[in-house]
Amino acid sequence: MGSIVVSKSVLSGEVEVSGAKNSALPLLAATILTDEEVILNKVPHLADVETMFDILRTLGKKVQYDRDSGVARVSGAVDKAHVPYDLVRKMRASFNVMGPLTVMLGEASTPLPGGCAIGVRPVDYHIEGLKKLGFEIFFEHGEIRARVGKKDEFVVVHLPFPSVGATEHIMSVATLLPGTTVIENAAMEPEIVDLQDLLNKMGARVRGAGTSKIIVEGVEKLHGCEHTIIPDRIEAGTYAIAILSTGGEGQVKNVVPEHLDALWSVLERSGAYVKRGTNYVYVKSPGKWHACDVNVLPYPGFPTDLQPQIVVYLSTAQGTSTVTENVFKTRFAHVAELVRMGANMKLKDNTLIIEGVEKLQGATVMGTDLRATAALVIAGFVAEGSTEVTQVEHIFRGYERVIEKFRGLGGVLEYRPGGVPEI
Ligand code: UD1
């Protein structure tokens, strides 16, 4: 794997956010539910999106993608009932094709999913939900095989935790099953609203996304449509935090500001200036900022996908901060690397206690997962001297043209490929 070498920089200026990875993936999976053409605009060019294209093509769909315009056209019927291991192991979101594939073909199988190494990430809520929808599920040799069975007219799926993937999976599958499906304790993320919008444009009858109760009335058939993917709130948050961590000021464009209220409130409490525009956010560093307590929760709480980045910001705040991770309780692989860069932080259960330090020092550190790697690159801009972030390809799974965008903000960084090409 390659590395990114980062030098101390003050990030300022403008940066434009791409379409949301975490919308693009479930929306692409939902295209399985129709043979007609679905046109998706603002599909970001990312390694994870390419993996999803490969999965769809393997299953028999036609995918045309123009990376410059971000337009993806997906059409045709699925005709293969098995997702190969090589594709599934790369990305956990690949599991979300299993339900739609099963609905279309009557039976399908997939290996258990891979994805970011951020602790044990089971799929039991998906399985229990699909069973409630009448699916018969079998486990054989590391694979899951599912068969469509008989669904009751009225089904309530109560999720033990508001899982984003399970909410999306059950909601998509239920669109083509008879009767009513109610998802209780559903995840409320904006990406779920985006999926509801796409499904309804395809002829589905889904309501309630964005609240904890989603109601799906099954229909016979879905059809083609055109849809534009929402802006990537995690990418937006990452650049806003990066600018402020380096003491800069700048405008993050193509943002829905209210999707990130939990972040803006933390940044404002720290003393930063945040101006929410109609489709942009302008942030300005106060020079020195205060410590804060951050509680990571499902939406509308502070997003777990910005936890590593906010930890970097708070590492040089004045005073003692705490960051409590309630979504992926062991998601702290970046902490050991930040300590090597001079941060003063220690973990107590799922709470990180951060004593702000004056400065970080450049070091060689290792990227362990997508967001941790982004956080280490930000730490590289903050630190004195030069920082080499190894195993850096994780970052290309979720950040479109990331080197170019950081350079546009005045960041000094260089990608040194190590076998896997930058996309
Ligand atoms: C999605 C996002 C990911 C984000 C996460 C939480 C995509 C493609 N990925 O991941 O970037 O970090 O939401 O906002 O949208 N869980 C179970 N059993 C299950 C499902 C989940 O125990 O069957 C647990 C997980 O281990 C975790 C929590 O529920 O502790 C939340 O996971 P979930 O919301 O499902 O995350 P993903 O959908 O995988």
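Modeller: The largest cavity holds about 30 Å³ of space, where a volume is the space filled by probe spheres set on grid points that are joined across faces, edges and corners. This is a predicted model, in which local features need pLDDT of at least 70 and side-chain atom pairs count only at pLDDT 80 or more, while totals for chains, interfaces and linings use all residues. Residues are numbered from 1 along each chain as its sequence is written, and side-chain values use heavy atoms, with hydrogens and water left out.

Rolling a probe the size of a water molecule over the atoms shows where empty space is left. On a 1 Å grid over the protein atoms alone, a cavity is a set of points where a 1.4 Å probe fits but cannot get out, and its lining residues have an atom within 4 Å of a point. By this rule there is 1 cavity of 30 Å³ or more. Its lining consists of P26, A29, A30, N96, P100, E168, H169 and S172, and the elements that give two or more residues to that lining are helix 1 (21-30) and helix 6 (164-174); helices here are DSSP runs (H or I, at least four residues), numbered from the N terminus. Sorted by class, the lining has 4 nonpolar, 3 polar and 1 charged residues, with Ala, Val, Leu, Ile, Met, Phe, Trp, Tyr, Cys and Pro counted as nonpolar, Asp, Glu, Lys and Arg as charged, and the others, Gly among them, as polar.

Turning to the ligand, 19 residues surround it, the closest being R92, D124, S163, D305 and V327, where near means that a heavy atom of the residue lies within 4 Å. D124 places a polar side-chain atom 2.6 Å from a nitrogen atom of the ligand, whereas N22 has a polar side-chain atom 3.0 Å from an oxygen atom of the ligand. For V164, a backbone N or O atom lies 2.7 Å from an oxygen atom of the ligand; a polar contact is a pair of N or O atoms within 3.5 Å.

Lastly, helix 8 (residues 233-245) is mostly covered, since 13 of its 13 residues are buried, that is, under 20% relative accessible area with a 1.4 Å probe and protein chains only. D232 caps the N-terminal end of helix 8, with a side-chain oxygen 3.0 Å from the backbone nitrogen of I234, and just after the helix G247 takes a positive phi of about 80 degrees.

Notes: Buried < 20%, exposed > 50% of the residue type's maximum accessible area, 1.4 Å probe, protein only. Polar contact = N/O pair within 3.5 Å; in protein donor to acceptor, adjacent residues only side chain to side chain. 1 Å grid on protein atoms, 1.4 Å probe; cavity = no way out; pocket = protein on both sides within 12 Å on 5 of 7 lines; lining within 4 Å.
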